[in-house]
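I opened the model today to look up a few packing and pairing details. My notes are kept in the order in which I went through them.

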Amino acid sequence: MSRYFAALTGPNEIGHSSAFWASFLLVLFGFAAYPAFATEFQSSNVAYYLLNIPLALGLCLLWGYGGILSFGQVAYFGISAYVYGIIAGNMMGNSWGPLIGSIGGLLASAIVAAVFGYFIFYARVQNWIVPILTLVLTLLLETFLGQTAGYQWRVGVVQLGGYNGMTGIPSFQLGDLVFFGYSFYYYVLVVVVLTYFACRMLVNSNIGRVLLAIREDPLRTELLGYDIRARQWSIFVLASVLAGISGILYVQWGNYITPTQVGLAQASLPVIWVAVGGRDSLLAVAISTYALNWLTYTLSSAGYQSALVIIGFLLIIVMLFFPRGIIVTIARAAFWRRIAERV
Amino acid sequence: MTDEITRKESPTTESKHATSSALETDRRTLLKGAAAAGGLIAGFTGPVYLRDFNYTQSVRAQTSEPVKIGFIEDESGNLAVYGIQKLHAAQLAIKEINEGKTLKGAPNIGAGFHASSGEIANTPPVISKEGSNLDIVGDPGERHQSELLYEEVSDILVDSNDRGILGREVRLVSADGQSNNTVWQQLARRMIQQDKVDVLVAGFASAEREAIRPIVDQAKQLYFYTNQYEGGVADANTFCTGPVCEQQVIPTVQYMVEKFGPRCYTIAADYNFGQLTAAWTKAFIPLVGGEIVGEEFIPLSVSEFSQVIQRIQAAKPDWVMTLLVGSNHHNYYPQAAAAGLRLPMASTVNMAQGYEHKRFPAPSLANMHNAIQYQMEVPTARNRAFVKRWMEMFPEDQYIGEMAQNTYFTIHLYAKAARLAGTTDQETVKKALELGWNIEAPEGSVFLEPGTHHCAHPIRLAVCDENHDVSFVRDWPVVQAWWLQRLGVNLIRHPEYKQYTPAEDPYFNMFVKT
Amino acid sequence: MEGVAVLFSVVYQLATNASFLLLAGLGLIVILGMMNIINLAHGELMMLGAYTATILYHRGVPFPLTVVAAFVVVALAGAVLERLIVRRFYGERLGALVVTWGISLVLSQGTLMLLGPFMPSIPIPSGSVSIGQYSFSVYWLILTAVTALLIVALGLLYNWTTIGLYARATMQKPDIARALGVNTDRIYLLTFSLGAGLAGLSGALLAPTVSIAPFMGQQFIAPAFITVVVGGATNVIAGALGASALLSFVKTPVGFLLGAFLGNVALLFAALIIIRLMPDGISATFQRWQDRRSRLA
């Protein structure tokens, strides 16, 4: 048992003490018990805040641990969502359609990321060109999807729908169990927690250590014998699969996807979530993603159109005063250590 | 090169050298930043909780349950110029309903025409026959040549003998979609699952309607979509009261071909509305003797049209069909005017929705034609009375667009259907609506067709001149929304929940010459 | 006559596309090309310039004056941004990128909240001229000339004036420039202000041709970055000139024959290919070719 715990702990992620794990499990229990006190509507909202976490985790791995900023993670979010919609939509009567669709969606994202990543990393472009290239390609994808309104843009019986979007996407089901409402909430919770643990194990493993080494000094790492291009490429593909998980969960939540989900405004959100939380730490990113999504929705549904202005200001404040992210700064502040020493 | 960059960016190298003095400064900046961020968030979210708290309190204090009309429109963001008009329309309609007023109309009266409300002529003319002529001998009034029994209704607002709906106050539960599809979905869920509204009136763009239609169908929520759109929605829970392609494209094309010539060049926004309307234009122009000499789809982000203008000039059309949407596309008109392109233009969206003829400097929209079912400038007595009532309630408003007028009469229609049904239970009201209704709206007589859940409208051709004054040069008294009927849609016999596209209609492209 | 008209039409289209790219990238040439700050708020700076010009125009100020005013106003705004925010991110490219993204969000959303989603635009001045069956907008002809003048002026400023010398010194070797007595802080401030002011100027010049909305900046970001990145940092001005010409040669025929969307796609693909082949931009490759030639000679 302690061997598995060892895989989860390490210097590359915040929180090692037993106090931390106790509070973590407490929070997890709180989430699990939430539907007992909440309406279906409130649970579906919380599910929405949770399902964006894998997208942010992917960017955190890529940017925080790998040093590569990609503005185009939402492109993989969208690709997975659309491919899931196409496959599951065409297998409407089949109860295993959504599962096959999910696998297909993730594969599609991975393949696109593999091809695109090849061109970026094996060409050794300068680091700062990557965000611009990924942003431009995301915009291209949005424009392309937006003009698929004509009825010739269909795969099987599923219309791509242009700016109207793809509607009527089936919810997730395994056999006869359809995940909707409360069951969907639990499904999202399980997927997100498992994803987080998997990422946590990754960063504390050898792969994670080499990744950090590449971020610190690529030349030195390469001289030590590691093929940095292959490693950067593989983390890029992994981040795209994580973005794809969020995309598939999103369409299983809303049964609907539009090209605006891969647009300019959406592309900036993961960067903001990761920057505000602290790109050093997966847990910080998870917390900030949840909090910022909650904040945005609360403001929008109360009629404030200032949600994006606040997010913009928050980003500026964080970059000026908390360059390592709010949560990471709090977590790594020295007074925790002093408390731990005293306890 | 890359080393320098990454070394400067890496945050962890700093942490290894953290000393207590570095921590001192860290704490100061930390406090500064925390104060800034905290103040920002508290300042904005504090009032949120207070507002929500007050709202729930006041709802619980009600003695009788109000009838809740759920309303989602874009009051901010790019589509705000349309959304705010619809909000005002809803507010005006609800005020009138609560004051005990309603629009004239009843179920099962036939497709709207002048006589649909059955006005009785005061003094019918006397006809005498001399030889083969029918001469009108008596002098009964102004227009006695063809509309023998017609009398223009001077006001359509009458007493409803009810306060609110069935004695219950009508309350508008409105939310701002902020031109953001995810917010729309969340708001729709909130209205349906939490606020439990009795009817939902929402949506300007087709994308917004399609975002919430799955949620509407899951909950079997009664839903009105009050905008003009590309047509095809066959959904047992949805009633579309705006005009559709066959009611606007075909009259426009017919008029333009007759007046200016058969050669048409289409430029359309490269998204659903533009592509589908262009497909309709292409399918029907050969039936009136015209032809498409060029067709171009322009991405929504493009605002620079010099190449497009050159291509139009090279093709030498008689008139141009401009199906442009969005603030970037509006630049086409001044650029075309500046480049000296003076061809007549036709559209199905301009003027009646975004009042471009008031917002753009003259003469950008000169020679623009549009077959509309409603525009604020419609000169009938009933419309003048309606505009007067509107401007009394909203003196700052610049325009009343077609979707605002549609929202207005739709809410009155819902009130009438609920009164007939005797309840606001949604399934019963849907059945009441499916009787088929005539309603006297400011635009004229509108008929809600039972099987297709769409409306037949009176259509007029509006022309904008160089001074951006509008005149109406032709009218079609009633145009039905016949396309869904041709597709065999009967939502009463066979409930459906989809949107049809022209691809599913075997007759659509039958006579197109490609 | 027909042939002349067609020829002029082709040249006109090439020139207007190239001018659009250059104007969009003008401010970014200075900020990205010379200061190495990835300014994602570039589009919003252009938007501020367009709004300034439009608001002043609707109060009766003649159009050329509004353009000058836009330059001044946005340059001041740029100075404020530089002092408060941007200066902490010199040397940190990704940090600058993220913080300028935050600035762009605040600027565009703030404009939406304060001024609403639409504003009546400035009518295009100067009418049109026709040759054969084609008619051309005189304003675009003027814009092309103005763009050329601006580029020449920028080049003169940087290569022939003392301030330009100090600026180049600061960009290349800041420590040594400081040791020689150049006030590098002020140079940074002036350069960023100049870049912002130029962005505002371009925004104002392009204002009559686009609609005035808070998100109008977004349409300029992609062309601006592509032009500057393809041009390269070695010789920013010449690079941008070359890049805009090259990209216009790709975009114009594709756009004319296949439509606006494919024209933009062709532009992006051309940019991707050029970056793949010449990662440091056209000007670097040109410089290397020149060095090799001078060495061989």
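The entries below cover conventions, a sheet, a hairpin, a helix pair, a chain contact and salt bridges.

**Conventions.** I am working on a predicted model, in which local features need pLDDT of at least 70 and side-chain atom pairs count only at pLDDT 80 or more, while totals for chains, interfaces and linings use all residues. Residues are numbered from 1 along each chain as its sequence is written, chains are lettered from A and ligands numbered from 1 in the order in which they are written, and side-chain values use heavy atoms, with hydrogens and water left out.

**Sheet in chain B.** I looked up the strand order and found an open sheet of five strands, β7-β1-β8-β9-β11 (chain B), with parallel pairing; strands pair if DSSP finds at least two bridges between them, and the elements are DSSP runs numbered from the N terminus, helices being H or I of at least four residues and strands E of at least two. The edges are β7 (170–176) and β11 (238–240) of chain B, each with a single partner strand, so one side of each has no neighbour in the sheet. The twist averages 20° from one strand to the next, where axes are lines fitted to C-alpha atoms (for helices over the stretch in contact) and angles run from 0 to 180 degrees between N-to-C directions. Strand β1 (residues 67–73) of chain B pairs with β7(B) in the parallel sense over seven bridges, and the partner of B:I72 in β7(B) is B:A175. I also noted that α6(B) lies across β8 (199–202), β9 (223–225) and β11 of chain B, running at about 170° to β9(B).

**Hairpin.** Strands β19 (residues 455–464) and β20 (residues 470–479) of chain B run antiparallel and are joined by seven bridges, with B:V463 partnered by B:S471 in β20(B). Five residues lie between these strands, and B:H468 takes a positive phi near 65°.

**Helix pair in chain A.** Helices α8 (residues 182–203) and α11 (residues 228–254) of chain A pack at about 170°, with axes 11 Å apart. They are therefore roughly antiparallel, the term for angles over 145 degrees.

**Chains A and C.** I find 32 residues of chain A in contact with 32 residues of chain C, contact meaning heavy atoms within 4.5 Å. The count of salt bridges between chain A and chain C is zero, a salt bridge being a side-chain nitrogen of Lys or Arg within 4 Å of a carboxyl oxygen of Asp or Glu.

**Salt bridges.** Over all chains the count comes to 25 salt bridges. In one of them, B:D235 pairs with B:R213, the closest N and O atoms being 2.8 Å apart. B:D235 lies in strand β10 (residues 233–235) and B:R213 in helix α6 (residues 206–219) of chain B, so the pair ties together parts 22 residues apart in sequence.

Notes. Angles under 35 degrees count as roughly parallel, over 145 as roughly antiparallel, 65 to 115 as roughly perpendicular and the rest as oblique.
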